[in-house]
Amino acid sequence: ADNRLDDAIAAFSEARRLAPAFIEARWNLALALLASGRFDEGWRHYDARLELPQLGALPQRPPSPPWDGVPRAGETLLLVAEQGLGDAIQFARLAPLVAARGAHVVLQAPAPLAQLFRSLEGVHEVVPVGAPLPAFDAWLPLLSLPGALGLDAGSIPARVPYLAADAARRADIRAQLPLRSDALRAGLAWS
């Protein structure tokens, strides 16, 4: 099927010209630009999601200024997970890029993912949503990292695995599974 991305970009751009406060048009423009590979423009509009109640529900909006993407050695950066668990898992892989640039990275994560996110390379601290936050210099929603880092299709990290389950928990689960070598084992998750 033809997505007609150029037509969509033109239509959303015109909608923004006619109604600059129409956030849904800006959000859809961001998605169309990203889908067409125009990452620089797409990431610039991607934060429109934060103005949409159905997408922009951050656990809290810290009073410190948002991070501008400029790495400063020794700066403590709070990354705030948003939206669903899958998005948090997908975008958490970018946290090590910030740490590699010299930032002290604190990741605020949904409680069910906090232990898993502690395995991320370069992340200094993981704080479950609702727990007290340590001091930090700047913050950024996790899904805003690609734009702040200037990522495109060729620079999005694809090193896998980037997360690892706790060895003790793996051993506990392994002990609960039958040891029949001929049995098919399948994992299933749903919501």
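Me: Which side chains meet in a salt bridge with N to O at 3.1 Å?

Reply: In this predicted model, the side chains of Asp40 and Arg44 form that pair. Both residues belong to helix 3, where they are four residues apart, about one turn of the helix.

Me: Is Asp40 buried or exposed?

Reply: The cut-off for an exposed residue is over 50% relative accessible area. Asp40 has 59%, so it counts as exposed.

Me: How many salt bridges does the structure hold?

Reply: There are 10. One of them joins Glu51 and Arg26, at 3.7 Å from N to O. This pair links distant parts of the chain, 25 residues apart: Glu51 is in the loop between helix 3 (39-46) and strand 1 (76-80), and Arg26 is in helix 2. Glu51 is partly exposed, at 48% relative accessibility, whereas Arg26 is buried, at 17%.

Me: Which residue forms a salt bridge with Glu82?

Reply: Arg49 does, with the closest N and O atoms 2.9 Å apart. Glu82 lies in the loop between strand 1 and helix 4 (85-92), and Arg49, 33 residues away, in the loop between helix 3 and strand 1. Both residues are buried. Through shared partners, salt bridges join Asp47, Arg49 and Glu82 into one network.

Me: Which residues have the most contacts inside the largest nonpolar core?

Reply: A nonpolar core joins buried residues through side-chain atoms within 4.5 Å. Here the largest has 39 residues, and Leu79, Phe117 and Leu145 have the most contacts inside it. Helix 2 (residues 23-35) gives the most to this core, with four residues. Another core, of eight residues, lies apart from it and includes Leu58, Val80, Val106 and Trp139.

Key. Residues are numbered from 1 along each chain as its sequence is written. This is a predicted model: local features need pLDDT of at least 70, side-chain atom pairs count only at pLDDT 80 or more; totals for chains, interfaces and linings use all residues. Side-chain values use heavy atoms; hydrogens and water are left out. Buried means under 20% relative accessible area, exposed over 50%, partly exposed in between (1.4 Å probe, protein chains only). Helices (H or I, at least four residues) and strands (E, at least two) are DSSP runs, numbered from the N terminus. A salt bridge is a side-chain nitrogen of Lys or Arg within 4 Å of a carboxyl oxygen of Asp or Glu.
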